[in-house]
Amino acid sequence: MEGHCHCGAVRFELKERPAKLTDCNCSICRRLAALWAHAPIAGIAIHMQDDATLRYVWGDKMLAFHTCRTCGCTTHWENLRPDGDRMAVNCRLVEPAELEGIRVRRLDGADTWKFLD
Ligand SMILES: [Zn+2]
C-alpha cells in the first residue's frame, strides 16, 4: 500500500495491508484529522529528501510528527524512543479505494487509551 502528500515530496510504502486504521482523539491527532496505520518500523518505507518535512515534537518527546513543507500534509510519525519499534503513516494520503474493507477504530488517546468501538 502506498501513499503520498498532495505535492508528492513525501511518499510512503506499507509492506503489509493494515489490519485496522486508527482514528485517535488525542490533542494532536484530532487537530491533524489523521487516520493512522501503525506498523513495525521495518514494515514502512518513507521516501523523501531530508529537509522535505517539518518535524513536530511535543509532550514526552517520544514521537515526531512529519508534515510536508510544501503542501502541508501530515504524512507520518517517527518513533523517538530508543527501543521504539513501531511507527505510523497517515492513510488519508492513500487512495480511498485502497482502504475499502479496512476497519476504522476510534482510539480514546485523549483519556483511557482504549478503543471506543
Ligand atoms: Zn507535499
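User: Is cysteine 7 buried, partly exposed or exposed?
Analyst: Happy to start there, with the reminder that this is a predicted model, where local features need pLDDT of at least 70, side-chain atom pairs count only at pLDDT 80 or more, and totals for chains, interfaces and linings use all residues. Residues are numbered from 1 along each chain as its sequence is written, and side-chain values use heavy atoms, with hydrogens and water left out. Buried means under 20% relative accessible area, exposed over 50% and partly exposed in between, with a 1.4 Å probe and protein chains only. At a relative accessible area of 40%, cysteine 7 is partly exposed.

User: How many disulfides does the whole structure hold?
Analyst: A disulfide is a pair of cysteine sulfur atoms within 2.5 Å. Cysteine 24 is in no disulfide, as its nearest cysteine sulfur, that of cysteine 26, is 3.9 Å away. Searching the whole structure gives a count of 0.

User: Which protein atoms are the donors of the zinc ion?
Analyst: Good one! Donors are N, O and S atoms within 2.8 Å of the metal (3.2 Å for Na, K and Ca), and water is not among the atoms, so sites may look incomplete. Lying 2.3 to 2.4 Å from the zinc ion, the protein donors are Cys5 (SG), Cys7 (SG), Cys68 (SG) and Cys71 (SG).

User: What is the geometry of the zinc ion's site?
Analyst: Four donors count as tetrahedral if all angles lie between 85 and 135 degrees. Here the 4 donor atoms make angles of 106 to 116°, so the site is tetrahedral.

User: How many residues apart in sequence are the parts that cysteine 5 and cysteine 68 tie together?
Analyst: Along the chain, the zinc donors follow the spacing C-x1-C-x60-C-x2-C. Strands (E, at least two residues) are DSSP runs, numbered from the N terminus, as are helices (H or I, at least four). Cysteine 5 lies in the loop between β1 (2-4) and β2 (11-14), while cysteine 68 is in strand β7 (residues 63-68), so the parts they tie together are 63 residues apart.

User: In what order do the elements of the protein run?
Analyst: The protein has 2 helices and 10 strands. From the N terminus on, the order is β-β-β-α-β-β-β-β-β-β-α-β.

User: What is the radius of gyration of the protein?
Analyst: The radius is taken over C-alpha atoms, and the globule rule is 2.2 Å times the number of residues to the power 0.38. For 117 residues that rule gives 13 Å, and the protein is close to it, so it is as compact as a globular protein of that length, with a radius of gyration of 13 Å.

Key. Four donors count as tetrahedral if all angles lie between 85 and 135 degrees; four count as square planar and six as octahedral if opposite donors are over 155 degrees apart and all others between 65 and 115; anything else is irregular.
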